[in-house]
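Hi,

Here is the structure I promised to pass on to you. Have a look at it first, and then read my notes below.

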Amino acid sequence: MKLVINEHRCKGCNLCTMVCPYRIFQEGSKPGIRGYVIPVLDRPERCTNCRLQKVYGRQLCGMCQMICPDQAISWVEEKPFEPKKVEIEY
Amino acid sequence: MTLEDWYRQDRLPHIYCAGCGNGTILNATLRAVDALGYDINETTFVSGIGCSSRAGGYTSADSLHTTHGRALAFATGVKLVKPKQHVIVFTGDGDCSAIGGNHFIHACRRNIDLTVICMNNNIYGMTGGQGSPCTPKGSITTTTPYGMQEQPFDLCKLAEAAGANYVARWTSFHVKELTEAIRVGLETPGLAFIEVLAQCPTAYGNKNKLRQPTQMIEMFKNNAVKKAKADRDAAAGIPLEPGKFIVGEFVRRANPPMGVVKE
């Protein structure tokens, strides 16, 4: 699962930045599509719901989605794992 | 039927200001309704006039947007004509306590099978920030530029005295507890009254040094006292500190309700 912010709905109130236990949401600096400064995601793969929803079969945590007054936060299915070429520096 | 289907997609994003607590309360309500698995054709949302009452229009179930303060009167009619309908009333503090005060106490007295969610944002937000009966003492509003001099209403005590079957108070910070309270309220036969303190950064916070939505949520977090702790303090003779408020479930009882179908 992947955490996404809907840029068409978010109004940049930054309530998600204070409820996330991992502090994944950080205050943004650039205006989005509608001119609101929307939060940016800092390493979203740490999110409990992204990692463990499939294992437990139910919604975990979800505080950001609950407190978001604009219904902008959701989780989407990710594509199956695709191998990526990683360059390793020695 | 998923949670997203309860939102009316063509109306979103809604017109609430950035950081308005009403959107959070709408989330909690729809999540509770979804968790109970209600049929969309057997659920009706009724709302009056005000910021809070826009919430009914953002749900894909049937909704009634009625005259100022009379949401409970319309809801009574819906419930008595269609007793199997689950009727949920969205109302604000000005709507419920000021102009609809009599409808409110008499709906509690009759104990009709409704769920009333009062979004108390301490102010008349839509008309430009006039003081409402729930404005805390000392707050600055458009109509009270030197600070509010009147005592605010305690809606939970009012509902309890008038005879409601379930009374609870939460804030828009306590989303999990609020969802649980709404779920219990929906399952309770008789009138369930849930007062939710919501932040209003535009009209209330702007004049009271709480300009950012996060500041107001922080204020709720620091000033809310759980009912169990307040009871312990009261037994020990410690009074509630000024500015703090009690949250939690106040009443759960089984008085004879009205408008419940007998199987």
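This is a predicted model: local features need pLDDT of at least 70, side-chain atom pairs count only at pLDDT 80 or more; totals for chains, interfaces and linings use all residues.

Let's start with two helices in chain B. The axes of α4(B) (residues 101–110) and α5(B) (residues 155–162) come within 8 Å and cross at roughly 45°. The two helices are therefore oblique to each other, and their crossing is right-handed. On the α4(B) side the contact is made by Ile105(B), Cys108(B) and Arg109(B), and on the α5(B) side by Leu158(B), Ala159(B) and Ala162(B). Of these contact residues, 5 are nonpolar, none is polar and 1 is charged.

Next, some backbone details. Most residues other than glycine have a negative phi, and most peptide bonds are trans. Against that background, the peptide bond from Leu12(B) to Pro13(B) is cis, with omega near 0°. You will find Pro13(B) in the segment before α1 (21–36) of chain B.

Asn122(B) is in the loop between β4 (115–120) and β5 (123–124), while Lys209(B) is in the loop between α7 (201–205) and α8 (213–223). Are they buried or exposed? Asn122(B) counts as buried because it has 26 C-beta neighbours inside 10 Å, whereas Lys209(B), with 9, counts as exposed.

Finally, chain A. Thr48(A) lies in helix α2 (residues 48–56) and counts as partly exposed, with 14 C-beta neighbours inside 10 Å. Beyond its neighbours within four places in sequence, Thr48(A) is in contact with Leu60(A) and Cys61(A).

Best wishes

Conventions:
Residues are numbered from 1 along each chain as its sequence is written. Chains are lettered from A and ligands numbered from 1 in the order in which they are written. Helices (H or I, at least four residues) and strands (E, at least two) are DSSP runs, numbered from the N terminus. A residue is buried if 20 or more other C-beta atoms lie within 10 Å of its own, exposed if 12 or fewer, and partly exposed in between; C-beta atoms are placed from the backbone. Two residues are in contact if their C-beta atoms, placed from the backbone, lie within 7 Å. Axes are lines fitted to C-alpha atoms, for helices over the stretch in contact, and angles run from 0 to 180 degrees between N-to-C directions. Angles under 35 degrees count as roughly parallel, over 145 as roughly antiparallel, 65 to 115 as roughly perpendicular and the rest as oblique. A crossing is left-handed if the near helix is turned anticlockwise from the far one by less than a right angle, and right-handed if clockwise. Ala, Val, Leu, Ile, Met, Phe, Trp, Tyr, Cys and Pro count as nonpolar, Asp, Glu, Lys and Arg as charged, and the others, Gly among them, as polar.
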